Amino acid sequence: MTDQPAGLYPPSAAMAAGAHADKAKYDEMYAASINDPEAFWGEHGKRIDWIKPYTKVKNTSFAPGNVDIKWYEDGTLNISANCIDRHLETRADQTAIIWEPDSPDEEAQHITYAQLHEKTCLMANSLKELGVKKGDRVVLYLPMIPEAAYAMLACARIGAIHSIVFAGFSADALAARISGSNAKVVITADGAPRGGRVTNLKDSVNQALINVMHDCKCLCVKRTGQQIAWRSDGDYWLHEIEETVSADCPPEEMNAEDPLFILYTSGSTGMPKGVVHSTGGYIVYASMTHQYVFDYHDGDVFWCTADVGWVTGHSYIVYGPLANGATTLMFEGVPTYPDAGRFWQVCEKHKVNQFYTAPTAIRALMGQGDSFVEKYDLSDLKLLGTVGEPINPEAWNWYNTTIGKGKIPIVDTWWQTETGGHLLTPLPGAVATKPGSATVPFFGIQPVILEPTTGEEIHETVAEGVLCIKDSWPAQMRTVWGDHERFEKTYFSDYKNYYFTGDGCRRDADGYYWITGRVDDVINVSGHRMGTAEVESALVAHAKVAEAAVVGYPHDIKGQGIYAYVTLMSGEEPSDELRKELETWVRSEIGPIAKPDLLQWAPGLPKTRSGKIMRRILRKIAEDDFGALGDTSTLADPSVVEDLIENRMNKQ
Ligand code: 6R9
């Protein structure tokens, strides 16, 4: 056993020796990245093939009223060429994507770089056939099948902007996103097998398109072969169009600042916003973090278990790994089907070297016992990663001992849809880890902790407050789709001249960062972001609901669960039936991930005299923490709180 202090896990000598960066290298590169960002990113931008090389590197401003972020602004490139074509000379026959289907009985696919090139070109030409041009938006609503990667790369190839909608979102949520980006085409599949059940995606698309006012075509991938309803006009099978188009599609020359994708994410107010990422800086940063953080080496098999519908899937299933010429694994299924050994069976089967997942999955599997792990040979694993939420010590220990056998590093990566890639993370050969801490900044990242009310930067090493970032990095989001003002207001107005992350954070005496959770009304359910405002507006859209307030509460598996307080219209009576009706309603308005875990009938909600709902109190009640409600004297009607507590205790 080691004689290391409890809670500190330094890189093994072997790891440090073989890694892309050891401690000295990390220190040197980090210092260089901060002292002279122009020189640092100018140099590392060269990891990407440019059509026209950049002469300018960084041109960024966080100044109030003038937030403007540009990287490599006079360079041109194509991301699909960087992820495919440039590897063809040396890696044409190397597997680019290993695809593992939902059912272990169905055969896996190994797609080589040469095949990826052909498939992407066919998809790109099919999109062109449907009239898609540079700058047009294409929505993807797909299962985790290779076509999802082809579609992303095909859009990038012809300069179309993709907007992926997680296939678990409802038809209504899909319609809002298709309309919001005025998409020309939506790409979907007939059905999506997941966990042994099949959802009919095409049906959801049909339903969504009824509510879309502009003309939007639908390109459909045949996945299951099930019966589907075809619209009278505007529907196309991918395999049919592909028969008519060329298998060669020259990549479009894109400016570094041309948008690559839009990805909707939840915020503290209003409806989800379309986060816009651009081309040059994004791919430099996604590929560099993929290489250094996972210590990816040629020939390794890398598996990120996220869905491509989330940013993690964008950066670390598709763009980062493929830009590095990696072999990336794409999994269609779920961790518990056919049983809780599925992840480990896939690791053994495909000799996975780096495995990257979310704490919620680890907690769910940990609860099923070790026998599901012990059946499989996990000796190819060299590194484990986590993302999405803070990892609790029990889950960390289980991941470390049961999966990693106490021998391999765990990288806890903190980042966001908005950041495009990892910002706080250990490099496995360089940084000693502490369970529960995302440790230290990646190259070029200057985290600061501000006192929340004054906005003053806390310079002492030991600090607690809100986490902001002082200066731009290449993969930073550029704007909110169609609403630059909202971009400035959301991220740059509470704390001037900083990027505000929305997270609370503590810095310890060693300078390590510990994320303490969101400080806004965003909750983190199974690693997925959900705005409480979104769930509230779905609830109040129901005819029988007068008012609703939604908060997060601690949940053993999901991290946070959704707790909804619902006030009914007068004349309506609470019932189990109505509770079910409301749950189904939220599922159809947003999707299954937004379904309240607990729904409490609230005759009234605690409000200030000015009518503001006091969420602080609702959070405490949801947490069963009745002793710490704080000051309730400003409430318009304090008796409301007693009612809520009583009902909570009766677990109605
Ligand atoms: C990549 C991703 C972002 C929010 C973020 C924070 C939480 C993500 C974390 C983490 C603690 C980590 N978060 N990684 N909290 N430790 N390693 O998850 O993006 O869906 O936009 O969520 O998730 O609260 O602000 P996104």
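Because the structure is a predicted model, local features are reported only at pLDDT of at least 70 and side-chain atom pairs only at pLDDT 80 or more, whereas totals for chains, interfaces and linings use all residues. Residues are numbered from 1 along each chain as its sequence is written, and side-chain values use heavy atoms, with hydrogens and water left out.

The ligand is surrounded by 17 residues, a residue being counted as near when one of its heavy atoms lies within 4 Å of the molecule. The closest of these residues are Asp412, Thr413, Thr417, Asp503 and Arg529. By class, the shell divides into six nonpolar, six polar and five charged residues, where Ala, Val, Leu, Ile, Met, Phe, Trp, Tyr, Cys and Pro count as nonpolar, Asp, Glu, Lys and Arg as charged, and the others, Gly among them, as polar. A nitrogen atom of the ligand lies 2.7 Å from an N or O atom in the side chain of aspartate 412, and a nitrogen atom of the ligand lies 3.0 Å from a backbone N or O atom of glycine 388. An oxygen atom of the ligand is placed 2.5 Å from an N or O atom in the side chain of threonine 417. Taken alone, the ligand exposes 530 Å², of which the protein buries 95%; these accessible areas come from the Shrake-Rupley method with a 1.4 Å probe, and for residues only the protein chains shown count as cover. Two or more residues are given to the shell by each of helix 12 (311-323), strand 20 (410-413) and strand 25 (513-518), the helices (H or I, at least four residues) and strands (E, at least two) being DSSP runs numbered from the N terminus.

Helix 12 is largely enclosed by the rest of the structure, because 13 of its 13 residues are buried; buried means under 20% relative accessible area, exposed over 50%, and partly exposed in between, with a 1.4 Å probe and protein chains only. Just after helix 12, glycine 325 takes a positive phi of about 70°.

The loop between strand 20 and strand 21 (447-450) holds threonine 419, which is buried, with a relative accessible area of 0%. Apart from its neighbours within four places in sequence, threonine 419 is in contact with His277, Trp473, Ala475, Gln476 and Tyr499, contact meaning heavy atoms within 4.5 Å. Threonine 439 lies in the loop between strand 20 and strand 21 and counts as buried at 0% relative accessibility. Phi of threonine 439 is near 65°, a positive value in a residue other than glycine.

In helix 8 (residues 171-180), the residues Ala171, Ala173, Leu174, Ala175, Arg177 and Ile178 are buried, and their cover includes strand 6 (137-141), strand 8 (185-189), helix 9, strand 14 (259-265) and helix 19 (576-589). Helix 8 is followed by asparagine 182, with a positive phi near 55°, and this residue is found in the loop between helix 8 and strand 8. At 43% relative accessibility, asparagine 182 counts as partly exposed. Methionine 213, in the loop between helix 9 (201-210) and strand 11 (217-221), is exposed, with a relative accessible area of 74%.

The axes of helix 2 (residues 23-35) and helix 3 (residues 37-44) come within 5 Å and cross at roughly 115°; axes are lines fitted to C-alpha atoms, for helices over the stretch in contact, and angles run from 0 to 180 degrees between N-to-C directions. Helix 2 contributes Met29, Ala32, Ser33, Ile34 and Asn35 to the contact, and helix 3 contributes Pro37, Phe40 and His44. This contact has five nonpolar, three polar and no charged residues.

Arginine 615, which lies in helix 20 (residues 615-622), is buried, with a relative accessible area of 17%. Leaving out residues up to four places away in sequence, arginine 615 touches Asp521, Thr532, Glu536, Val550 and Val551. The side chains of arginine 615 and glutamate 536 are joined by a polar contact of 3.0 Å, that is, a pair of N or O atoms within 3.5 Å, of which, within protein, one must be able to donate a hydrogen and the other to accept it, with residues adjacent in sequence counting only if both atoms are side-chain atoms.
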